[in-house]
Amino acid sequence: MAKCQDCGGIVKWRPPFYVCLDCGLSFRRGEFEKVKKTIKEEFKEEMGESDEEIDRKDRQRKRDYHDWLMKKEED
Ligand SMILES: [Zn+2]
């Protein structure tokens with residue numbers, strides 16, 4: 001069931017719009033998909049790190065390990 005991104009109310013398909021039954025917010029189908037994506041990304045930001053950030057840190061960690069290994073072999 002679709003939910004309103006504004007009030008969390010139930011959203012119904014009323015061609016050509018999705019309409020929130022609680023606050024009356026309406027948007028087109030494509031916009032709704034966009035909104036859902038935006039919410040997901042905002043949520044992710046609130047939750048902490050984005051995929052890119054995690055990926056970057058993961059690469060950094062591997063590089064650090066590699067550096068450490070190389071130093072170790074020099075000794
Ligand atoms: Zn609403």
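Tutor: Let's start with a definition: a residue is buried under 20% relative accessible area, exposed over 50% and partly exposed in between, using a 1.4 Å probe and protein chains only. This is a predicted model, so local features need pLDDT of at least 70 and side-chain atom pairs pLDDT 80 or more, while totals for chains, interfaces and linings use all residues. Residues are numbered from 1 along each chain as its sequence is written, and side-chain values use heavy atoms, leaving out hydrogens and water.

Student: Okay, why is Phe17 called partly exposed?

Tutor: Phe17 has a relative accessible area of 31%. That value falls between the 20% and 50% limits, so Phe17 is partly exposed.

Student: What makes the stretch holding Phe17 a strand?

Tutor: Helices are DSSP runs of H or I with at least four residues, strands are E runs of at least two, and both are numbered from the N terminus. Phe17 sits in strand β2. The protein has 2 helices and 3 strands, ordered β-β-β-α-α along the sequence.

Student: Which residues does Phe17 touch?

Tutor: Leaving aside residues up to four places away in sequence, Phe17 touches Lys12, Ser26, Phe27 and Arg28. A contact here means heavy atoms within 4.5 Å. Phe17 and Arg29 are 12 residues apart in sequence, and their C-alpha atoms are 6.5 Å apart.

Student: How do you know that the bond from Pro15 to Pro16 is cis?

Tutor: Its omega is near 0°. Pro16 is in the loop between β1 and β2. For background, most peptide bonds are trans.

Student: On to the metal. What makes a residue a donor of the zinc ion, and which residues are they?

Tutor: Donors are N, O and S atoms within 2.8 Å of the metal (3.2 Å for Na, K and Ca), and sites may look incomplete because water is not among the atoms. The SG atoms of Cys4, Cys7, Cys20 and Cys23 lie 2.3 Å from the zinc ion, inside the 2.8 Å limit, so they count as donors. Their spacing in sequence is C-x2-C-x12-C-x2-C.

Student: Why is the arrangement around the zinc ion called tetrahedral?

Tutor: Four donors count as tetrahedral if all angles lie between 85 and 135 degrees. The 4 donor atoms subtend angles of 101 to 119°, so the arrangement is tetrahedral. The ideal angle for four tetrahedral donors is 109.5 degrees.

Student: Are Cys7 and Cys20 buried, exposed or partly exposed, and how do you know?

Tutor: Cys20 has a relative accessible area of 2%, so Cys20 is buried. Cys7 comes to 41%, so Cys7 counts as partly exposed. Over the whole protein, 12% of the 75 residues are buried.

Student: What makes Asp55 and Arg59 a salt bridge?

Tutor: A salt bridge is a side-chain nitrogen of Lys or Arg within 4 Å of a carboxyl oxygen of Asp or Glu. The closest N and O atoms of Asp55 and Arg59 are 2.9 Å apart, so the pair qualifies. Asp55 is partly exposed at 41%, and Arg59 is partly exposed at 47%.

Student: How many salt bridges are there, and which others can you show me?

Tutor: A search of the whole structure finds 4. Among them is Arg56 with Glu53, at 3.2 Å from N to O. That pair is 3 residues apart in helix α2 (residues 51–74), again about one turn. Arg61 and Asp58 meet at 3.1 Å, and that pair too is 3 residues apart in helix α2. Asp58, Arg61 and Lys62 are linked in a network of salt bridges.

Student: Last one: what makes the nonpolar surface patch, and how big is its area?

Tutor: Patches are made of residues with over 30% relative accessible area and no salt bridge: like charges are joined within 9 Å, and nonpolar side chains (Val, Leu, Ile, Met, Phe, Trp, Tyr) within 5 Å. Tyr65, Trp68 and Leu69 make one of about 320 Å², and Leu69 lies in helix α2. Accessible areas come from the Shrake-Rupley method with a 1.4 Å probe, and for residues only the protein chains shown count as cover. The protein exposes about 6,600 Å², with carbon and sulfur atoms supplying 51%.

Note on methods:
Four donors count as tetrahedral if all angles lie between 85 and 135 degrees; four count as square planar and six as octahedral if opposite donors are over 155 degrees apart and all others between 65 and 115; anything else is irregular.
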